[in-house]
Amino acid sequence: MTDLHRDTAAATIETARRARHTPIVRTFFDDATFTATHVVHDPATRRAAIIDSVLDFDQASGRTSHGSADAIVDYVGAEGLSVEWQIETHAHADHLSAAPYLQEKLGGRIAIGRHIRTVQTMFGEIFNEGERFARDGSQFDRLMADGDTFRVGEIDGIVLHSPGHTPACMAWIIGDALFTGDTLFMPDYGTARADFPGGDARTLYRSIRRLLSLPGETRVFLCHDYKAPGRDNHAWETTIAAERSANVHVHDGVSEDVFVAMREARDRTLAMPKLILPSVQVNMRGGRLPEPESNGTRYLKLPLDIL
């Protein structure tokens, strides 16, 4: 069966490329969490989207700060941009989102895939959240489904559901640019892990192959980079053609069964991300901290012997 949403995405990319109506992307890299935050804007209208922002968090002290987010605020102001979207590619397990802080400073609707409700249900149980924690995605301004369209200024965008790393992962296409979240890394580093609650290596493979069927010229922007052995600099931009030909885990010719065997064996050797417990508690709330308790202090839970 033809994947109509994928075909629509491919048409969106080709139209933007041929018309040279492509977004400008400025990336801010957070060394502490190896996270790439992308500010994407339409040069004609100066309207923008911010993708996968970072709230600074010191786990030892429990303190939050806004240095990373304020750098984005300064850039948006200096460039005269108007922010329409605060986009989350998924509920991150390695950094806390700064979307509500940036929304307060700059505006923009907070958007994520609608399967965040699945993540909220799973982790609501893990953290033993009470009835006050809504599991309906209402913490976000817009929940996106596979094939939903949107615009950044005059540039068309479309989202593709890309589960496997998490159930709620979405790939966001804006003009000729694809923002994959954690699904793909640079070709020399490979692919996302698939062993978090709700993750699945076979599903991840199918999501990746769907993305790799997009036009080869598509610019691909990644959410993380950990520097593959032999590479000295962080990198976060590649192309679909480069991923197809050179991704060390999933280049053309790698079968589903071979990928699943590799991914599952590799995942068994990986430690949990150091910020997974605080990150998920915040990010499943749309980047908001838990409500203060009776003493006015906010707390993050540390469930034992679960993950």
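Of the 26 residues in the largest nonpolar core, those that touch the most other members are Ile173, Leu178, Ile208, Leu214, Val250 and Phe259, where a nonpolar core is a set of buried Ala, Val, Leu, Ile, Met, Phe, Trp, Tyr and Cys residues joined through side-chain atoms within 4.5 Å. Two or more residues of this core are given by each of helix H1 (4–19), strand E10 (155–161), strand E11 (170–174), H5 and H7, and the largest share, six residues, comes from H5. The model is a predicted one, in which local features need pLDDT of at least 70 and side-chain atom pairs count only at pLDDT 80 or more, whereas totals for chains, interfaces and linings use all residues. Residues are numbered from 1 along each chain as its sequence is written, and side-chain values use heavy atoms, with hydrogens and water left out.

**Cores**

- Not counting residues up to four places away in sequence, Ile173 touches Ala9, Ile13, Phe150, Asp156, Gly157, Ile158, Leu160, Leu178 and Leu214, contact being defined as heavy atoms within 4.5 Å.
- In soluble globular proteins, nonpolar side chains tend to be buried together.

**Packing of H5 and H7**

- Helix H5 (residues 201–212) packs with helix H7 (residues 256–267) at an angle of about 125°, their axes being 9 Å apart; axes are lines fitted to C-alpha atoms, for helices over the stretch in contact, and angles run from 0 to 180 degrees between N-to-C directions.
- The two helices H5 and H7 are therefore oblique to each other, given that angles under 35 degrees count as roughly parallel, over 145 as roughly antiparallel, 65 to 115 as roughly perpendicular and the rest as oblique.
- On the H5 side, Ala201, Arg202, Leu204, Tyr205, Arg206 and Ile208 meet Glu256, Asp257, Phe259, Val260, Arg263 and Glu264 of H7.
- The residues of this contact of H5 with H7 divide into six nonpolar, no polar and six charged, with Ala, Val, Leu, Ile, Met, Phe, Trp, Tyr, Cys and Pro counted as nonpolar, Asp, Glu, Lys and Arg as charged, and the others, Gly among them, as polar.

- In helix H3 (residues 99–106), the buried residues are Ala99, Pro100, Tyr101 and Leu102, where buried means under 20% relative accessible area, exposed over 50% and partly exposed in between, with a 1.4 Å probe and protein chains only.
- These buried residues of H3 pack against strand E3 (47–51), helix H2 (67–79), strand E6 (82–87) and strand E7 (109–113), helices (H or I, at least four residues) and strands (E, at least two) being DSSP runs numbered from the N terminus.
- Helix H8 (residues 276–283) is mostly covered, as eight of its eight residues are buried, and its buried residues pack against strand E4 (56–58) and helix H4 (116–126).

**Loop residues and backbone**

- Asp148 sits in the loop between strand E8 (142–144) and strand E9 (149–152), and Asp148 is partly exposed, with a relative accessible area of 24%.
- The C-alpha atoms of Asp148 and Ile158 are separated by 5.7 Å, although these residues are 10 residues apart along the chain.
- Arg46, found in the loop between strand E2 (35–41) and E3, has a positive phi of about 65° although it is not a glycine, and at 27% relative accessibility Arg46 counts as partly exposed.
- Asp52, found in the loop between E3 and E4, has a positive phi of about 60° although it is not a glycine, and Asp52 is buried, with a relative accessible area of 1%.
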